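Dear colleague,

Please find below the structure that I am handing over to you. My notes on its contents follow directly after it.

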Amino acid sequence: MEKVDIIGDVHGCYEELQNLFEKLGYQKEMEYSHPDGRVPIFLGDITDRGPQSLKVIELVYHLVIIQKKACYVPGNHCNKLYRFFLGNKVQQRHGLETTVAEYNQLSREEQAEVRQKFMTLYENAPLYLQIPKMKAIVAHAGIKEEYIGRSDKKVKTFVLYGDITGDFTEDGRPVRKDWAKEYEGTNWIVYGHTPVMSPRIVHRTINIDTGCVFGNALSAFRLPEKEVVNVPSKQHLMKEKFTYFN
């Protein structure tokens, strides 16, 4: 991979994803491709909350599994949807209910197809992606330097959910430590998971979840340029859903 475009949490915002691809210079014939051979990388949470989760699954599956022209790492919402498709008992809350509602509109055959595509996508995904050439790591909620190279349960929890304390805020959100402040590694850590109004750079970490599904923007971080490109959201702005750091 010579040049990559790491795309933040899409959360079913299919139209904004199309707009972002266009702005990044991708061309659509049958599927999206870039004249300079750039590779899109999805950093998890492609579904839930937004209006067109199933279309996003279809597109990401095609680019990653069929065409092998993109990469994907899972997020916590991806993990939950995967467990739902396995038939596990999971609570249909915090956004999963929107994906399930779309899924329930489909015929049995269409449901089987969507389930198979998403499960294949998830099962073939690395927990996080190391890009040595770019000196970068793509991990949904980030990763500590000492966890790089590991994939045990502790690391999986961190990569999917962040540096959680076990406590919750008054509105029910998990309390997370600001791990980025303590990161001193030489690799860029590109992550999302925690919605911020503008990409947050701390040391060599960048959070590019700019809360598209909450009405702000969908962002991509381009390497090796270290440039952020974004498009405005079409969703209603919900400022209370964002984290504001001191």
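Which residues form one aromatic cluster? The cluster is made up of Tyr82, Phe84, Phe85, Tyr103, Phe118 and Tyr122.

Before the details, a word on the basis of these notes. The model is predicted, with local features requiring pLDDT of at least 70 and side-chain atom pairs counted only at pLDDT 80 or more, while totals for chains, interfaces and linings use all residues. Residues are numbered from 1 along each chain as its sequence is written, and side-chain values use heavy atoms, with hydrogens and water left out.

Aromatic contacts

Searching the whole structure gives 14 aromatic pairs (rings of Phe, Tyr and Trp, the last by its six-membered ring, with centres within 6.5 Å; planes under 30 degrees apart are stacked, over 60 edge-to-face, and the rest tilted). One of these is edge-to-face because the rings of Phe84 and Tyr103 have planes at 80 degrees, with centres 6.1 Å apart. Phe84 belongs to helix α3 (residues 76–86) and Tyr103 to helix α4 (residues 96–104), so the pair ties together parts that are 19 residues apart in sequence. Helices (H or I, at least four residues) and strands (E, at least two) are DSSP runs, numbered from the N terminus. Phe84 and Tyr103 are both buried (buried is under 20% relative accessible area, exposed over 50%, partly exposed in between, with a 1.4 Å probe and protein chains only).

The rings of Phe158 and Trp179 also form an edge-to-face pair, with centres 6.0 Å apart and planes at 70 degrees. Phe158 is in helix α6 (residues 153–161), and Trp179 is in the loop between β9 (174–176) and β10 (188–191), so this pair ties together parts that are 21 residues apart in sequence. Phe158 has a relative accessible area of 4% and is therefore buried; Trp179, at 8%, is buried too.

A ring also meets a charge: the charged end of Arg200 sits over the ring of Phe245, 3.6 Å from its centre. The criterion is NZ of Lys or CZ of Arg within 6 Å of the ring centre and within 35 degrees of the ring normal.

Strands and sheets

Strands are taken as paired if DSSP finds at least two bridges between them. Strand β10 runs parallel to β7 (residues 136–138), joined by 3 bridges, and it pairs in the parallel sense with β12 (residues 205–207), again over 3 bridges. Val190 in β10 stands opposite Val138, and its bridge partner in β12 is Ile206. In a regular strand the side chains alternate between the two faces of the sheet. In β10, Trp188 and Val190 point one way and Ile189 and Tyr191 the other, and all are buried.

An open sheet of 5 strands, with mixed pairing, has the order β5-β4-β1-β13-β14. Its edges are β5 (71–72) and β14, each with a single partner strand, so one side of each lacks a neighbour in the sheet. Strand β13 (residues 217–223) and β14 run antiparallel and are joined by 6 bridges, with Val228 in β14 as the bridge partner of Phe221.

Salt bridges

Side chains of opposite charge can pair when their charged atoms come close. The structure holds 9 salt bridges (a side-chain nitrogen of Lys or Arg within 4 Å of a carboxyl oxygen of Asp or Glu). One of them joins Arg38 and Asp5, at 3.0 Å from N to O. This pair links distant parts of the chain, with Arg38 in the loop between β3 (32–33) and β4 (39–42) and Asp5 in strand β1 (residues 4–7), 33 residues apart. Arg38 is buried, at a relative accessible area of 6%, and Asp5 counts as buried at 0%.

Glu15 forms a salt bridge with Lys234, their closest N and O atoms being 3.8 Å apart. Glu15 lies in helix α1 (residues 14–23) and Lys234 in the segment after β14, 219 residues apart. Glu15 is partly exposed at 40% relative accessible area, whereas Lys234 is exposed at 52%.

Lys117 and Glu58 meet in a salt bridge at 2.7 Å, N to O. Lys117 is in helix α5 (residues 108–123) and Glu58 in helix α2, 59 residues apart. Lys117 counts as buried at 10% relative accessibility, while Glu58 is partly exposed at 33%. Finally, salt bridges that share partners join Asp5, Arg38, Arg222 and Glu225 into one network.

Yours sincerely
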